[in-house]
Every structure is written in C-alpha cells, then in structure tokens.
Amino acid sequence: MPIANLPGLMLDRTDPINRGQVGWWPMNEAAGERVNDISGNNLTGAFTNIVQGTTSGWTGGPPFGGHSVLMDQTNDYVLVNHSPKLAILGDISICAWVWFTGNPTGYPAIQKGGSYPNPYGLSSQPDRKWNF
C-alpha cells in the first residue's frame, strides 16, 4: 500500500521482516500535531508539550533530509494511546533514529508503561548509551 505523505514509500506486509510489525511512525508529516502509523494498525500519535516554533516542533533538511520532530529533551513526547496491539508478551525489537543535540539525561525515546503489566522502553543515559 502506498503511503500518501511519503510518495514512493511502501510497506510490504508479505516481507518476513514486516510480519508481526505493530507500529511504524516515520514522523515525516512536516506539519500538524499528529504522527501517522503506517503499519496498518492505525496507532496514530499525538504531540504532547511539543509547540511548533519554540524549542520543539517539526524540522527538516540537513543533516539527513526529509522531516523529523525536534524535542526539547525535557518533557516533549508523542503519545500513542494504549491498544491491545501494544500489549506485547513475547520477544520484541525496537528501533529508533535519535539525534541528541546535548547530553541526554534518561530521556525516554520509546516507553510503554503505566498500568501495563509488562512495561518496555528505550531510554538514553548521560554517557550516550541506551537502556532497554
């Protein structure tokens, strides 16, 4: 299925690497306060504490081209509401492209917590290592 906001980008659901994929948020919308899940599971994310034109918001161009979301590494995040599809009980792989402009201090790049019985996440450490 072609992705409307990313011309030419397609998700092949028959490819073994995509089987069981729960979510994929390229964050390439370039405007608005939502990020679309293009995995087919409709797990749309909403900006929280991200205010365009301040220290956070959509950004684009160098160093990688395309668009991304700039977060202030304090309290900004994208909220994806709970879904049974996120209740992962078996093995899991998480991937994130993150570029820090300062020293990270336990900033959660990905986090599933709250009352969920099996929390998981990916957080940065001041030495630029990651905790899973």
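Valine 35 sits across from glycine 45 of β2. This is a predicted model, in which local features need pLDDT of at least 70 and side-chain atom pairs count only at pLDDT 80 or more, while totals for chains, interfaces and linings use all residues. Residues are numbered from 1 along each chain as its sequence is written, and side-chain values use heavy atoms, leaving out hydrogens and water.

β1 pairs with strand β2 (residues 45-48) in the antiparallel sense, over two bridges; strands pair if DSSP finds at least two bridges between them. Together, three strands make an open antiparallel sheet, ordered β1-β2-β5. β1 (34-35) and β5 (77-80) are at the edges with a single partner strand each, so one side of each has no neighbour in the sheet.

## The aromatic pair

How many aromatic pairs does a search of the whole structure find? There is one, where pairing requires ring centres within 6.5 Å, for rings of Phe, Tyr and Trp (its six-membered ring). Phenylalanine 47 and tryptophan 58 form this pair, with 5.4 Å centre to centre and 40° between the planes. That makes it tilted, as planes under 30 degrees apart count as stacked, over 60 as edge-to-face and the rest as tilted.

The partners lie eleven residues apart, phenylalanine 47 in strand β2 and tryptophan 58 in strand β3 (residues 57-60). Phenylalanine 47 is buried at 13% relative accessibility, and tryptophan 58 is buried at 10%; buried means under 20% relative accessible area, with a 1.4 Å probe and protein chains only.

## The whole chain

Of its 132 residues, 27% are buried.

Key
Helix = DSSP H or I, 4+ residues; strand = E, 2+ residues; numbered from the N terminus. Buried < 20%, exposed > 50% of the residue type's maximum accessible area, 1.4 Å probe, protein only.
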